[in-house]
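Hi,

Here's the structure I promised to pass on.

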Amino acid sequence: MKKIEHLGIAVKDIEKSNAVFASLFGKEHYKIEEVASEGVKTSFFMCGPNKIELLEATKPDSPIAKFIEKKGEGIHHIAFAVDDIHAEIERLKGEGFTVLNEIPKKGADNKIIAFLHPKTTNGVLIELCQDAE
Ligand code: ZN
C-alpha cells in the first residue's frame with residue numbers, strides 16, 4: 001500500500017454536508033458522482049494533498065444507509081492507494097484478512113476498488129483503490 005487515498009464519511013444529506021465541508025475547507029467539492037451499483041452518491045473535496053469523500057445513500061438497502069442506521073453519520077472507511085489491486089488482494093488474503101470483493105469493482109472517481117471486512121481490521125472498513133485505466 002502506498003498512502004491514504006481518501007477518507008470516506010457517511011452523511012445523511014450530501015447537499016447539506018457539501019456546504020459544511022466547503023466552509024470547513026474554504027473551497028467547494030470538485031466532483032459529485034453517483035455509483036448506482038452501490039446505491040451511493042459521492043462528493044469529493046481536496047484539502048491540500050488529502051482527499052475527502054462524502055457518501056449519501058440513494059436507496060434504503062445501500063451499505064451507507066445501513067451504516068448510518070447502526071452507527072450514525074461519521075467516518076465510514078479509509079481508502080489506501082495500491083498499484084496492483086489484484087496482487088494486494090491475494091497478499092492480504094494470504095495474511096488472513098477477509099476481502100469483501102475478491103473481484104475488484106468500479107468505484108467513484110475513476111478507481112477500481114475492493115473492501116476488507118472490518119472484523120479483520122480492528123473495526124475499520126478499509127478500501128483498496130487503484131487508478132482505473
Ligand atoms: Zn472511498
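E1 runs parallel to strand E4 (residues 50-57), with 4 bridges joining the two; strands count as paired if DSSP finds at least two bridges between them. Within that pairing, Ile-9 has Leu-54 in E4 as its bridge partner. E1 (residues 3-10) also pairs with strand E5 (residues 74-81), this time antiparallel and over 7 bridges. There, His-6 sits opposite Ala-79 in E5.

A word on provenance: this is a predicted model, where local features need pLDDT of at least 70 and side-chain atom pairs count only at pLDDT 80 or more, while totals for chains, interfaces and linings use all residues. Residues are numbered from 1 along each chain as its sequence is written, and side-chain values use heavy atoms, with hydrogens and water left out.

Zooming out, the protein has 3 helices and 8 strands, in the order β-α-β-β-β-α-β-α-β-β-β along the sequence. Helices here are DSSP runs of H or I with at least four residues, strands are E runs of at least two, and both are numbered from the N terminus. The radius of gyration is 14 Å, close to the 14 Å from the globule rule for 133 residues, so the protein is as compact as a globular protein of that length. That radius is taken over C-alpha atoms, and the rule is 2.2 Å times the number of residues to the power 0.38.

As for burial, 44% of the 133 residues are buried, meaning under 20% relative accessible area with a 1.4 Å probe, protein chains only.

Cheers

Methods:
Buried means under 20% relative accessible area, exposed over 50%, partly exposed in between (1.4 Å probe, protein chains only).
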